[in-house]
Amino acid sequence: MLPRIRVNLPGLFVTATDTGVGKTVVACAIAWAMRQQRPGAQLAVCKPVASGCRRDRSGLVHEDAEALAYFSDCRLPLDVINPIRFREPLAPAVAAEQLGVAMDWAAVERSLNELATYGQAMIVEGAGGVMVPLDPAKPRATWLETGLFGLPAVVVARCGLGTLNHTAMTVRLLREAGITVAGVVMNGYEADEAVAMAADPSRPGNARWIERMTGAKVLALVPQVEGGAVLPGQGVISPAVLDAVSRVDWWELAGKE
């Protein structure tokens with residue numbers, strides 16, 4: 001059974017229109033920005049489910065959980081931050097079915113409760129988009145059934161062609177499930193309009209159209225960065241990414257119901 005628990009902290013659930021859109025880049029940058037905006041505040045972070053993990057001496061470890069822990073300075077163990085882990089890069093329900101294991105939602109609930117006693121705010125990063133199947137025993141169960149643990153959603157979207165459809169559908173599904181949409185972050189933005197137009201004529205107008213279609217605010221345009229935006233081993237997030245994300249008052253958004 002999926003947990004219908006509520007996190008009794010200000011917080012945000014970072015989701016996306018698809019997998020590989022940049023949720024972790026954005027979630028890490030939000031965590032870093034919140035620490036700068038409120039020095040001394042303790043942040044909790046959670047990646048409830050992750051697939052595509054590596055195996056080391058301590059077991060399965062996911063680089064997204066490591067990055068979230070690093071940039072938030074969350075000192076709790078990684079198995080609390082990321083309670084359910086799979087080696088294969090598959091949707092959670094598919095990975096669990098292949099292994100013949102049940103999804104341990106009680107572990108997720110324990111982690112969220114422990115994290116809620118640790119931090120003054122919480123950032124939760126989902127796996128995939130809002131409709132990714134989460135449990136083989138309940139094939140229609142998605143992040144929508146969790147209610148995103150009572151947290152407002154930040155939707156990470158691509159900047160290019162197709163994003164209007166994907167973003168509008170994601171925002172509509174969230175709202176129909178009774179979930180607050182804090183706003184949209186567009187990832188991979190090209191600031192030079194001439195370059196953007198040459199590569200993809202839809203790019204310059206997509207942010208404006210997303211706001212017109214959904215009524216959700218585009219909170220930030222995260223630029224495209226060569227070589228990767230997040231390098232947790234080196235303690236680096238691209239300054240251009242940080243600049244774009246830091247202009248948003250994330251504490252205010254996290255406190256909204």
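Student: Leaving out residues up to four places away in sequence, which residues does S72 touch?

Tutor: S72 touches A31, R35, L43 and V45. Keep in mind that this is a predicted model.

Student: And where is S72 found?

Tutor: S72 is in helix α2, which covers residues 63-72.

Student: Buried or exposed?

Tutor: S72 is buried, because its relative accessibility is 2% and the limit for buried is under 20%.

Student: OK, what does the side chain of S72 reach in terms of backbone oxygens?

Tutor: A polar atom of the S72 side chain lies 2.6 Å from the backbone oxygen of L68. The side chain also reaches the backbone oxygen of A69, at 3.3 Å.

Student: What about D73, where is that?

Tutor: D73 is in the loop between α2 and α3, the latter being residues 78-81. Its phi is near 60 degrees, a positive value in a residue other than glycine. D73 is partly exposed, with a relative accessible area of 32%.

Student: Which other residue has a positive phi of about 60 degrees without being a glycine?

Tutor: F149 does. F149 is found in the loop between α6 (143-146) and β8 (153-158). F149 is buried, with a relative accessible area of 0%.

Student: Is C74 buried or exposed?

Tutor: C74 counts as buried, at 6% relative accessibility. C159 counts as buried too, at 2%.

Student: You mentioned C46. Which strand is it in, and which way does it point?

Tutor: C46 is in strand β2, residues 43-46. A44 and C46 point one way from β2, L43 and V45 the other way, and all are buried. In general, side chains in a regular strand alternate between the two faces of the sheet.

Student: What does β2 pair with?

Tutor: Strand β7, residues 121-125, joined to β2 by four bridges and running parallel. A44 stands opposite M122 in β7.

Student: And which residues does L112 contact, leaving aside neighbours within four places?

Tutor: L112 is in contact with I5, V7, C46, M122, V124 and F149. L112 is also one of the residues with the most contacts inside the largest nonpolar core.

Student: Which strands does β1 pair with?

Tutor: β1 pairs with β7 in the parallel sense over four bridges, and with β8 in the parallel sense over four bridges. V14 stands opposite E125 in β7, and the bridge partner of A16 in β8 is V156.

Student: Switching to helices, which residues of α10 are buried?

Tutor: In α10 (residues 239-246), V241, L242, A244 and V245 are buried. They lie on the same side of α10, because they cover an arc of only 165 degrees around the axis.

Student: What covers them?

Tutor: The cover includes α1 (23-37), β10 (218-223), β12 (236-237) and α11 (250-254).

Student: And T167, where does it lie and what does it touch?

Tutor: T167 lies in helix α7, residues 163-176. Not counting residues up to four places away, T167 touches T17, A157, V184 and I210. T167 counts as buried, at 0% relative accessibility.

Methods
Residues numbered from 1 in each chain as written. Predicted model: local features only at pLDDT ≥ 70, side-chain atom pairs only at ≥ 80, totals over all residues. Heavy atoms only, no water. Buried < 20%, exposed > 50% of the residue type's maximum accessible area, 1.4 Å probe, protein only. Helix = DSSP H or I, 4+ residues; strand = E, 2+ residues; numbered from the N terminus. Polar contact = N/O pair within 3.5 Å; in protein donor to acceptor, adjacent residues only side chain to side chain. Contact = heavy atoms within 4.5 Å. Arc of directions from axis to C-beta. Core = buried A, V, L, I, M, F, W, Y, C linked by side-chain atoms within 4.5 Å. Pairing = 2+ DSSP bridges.
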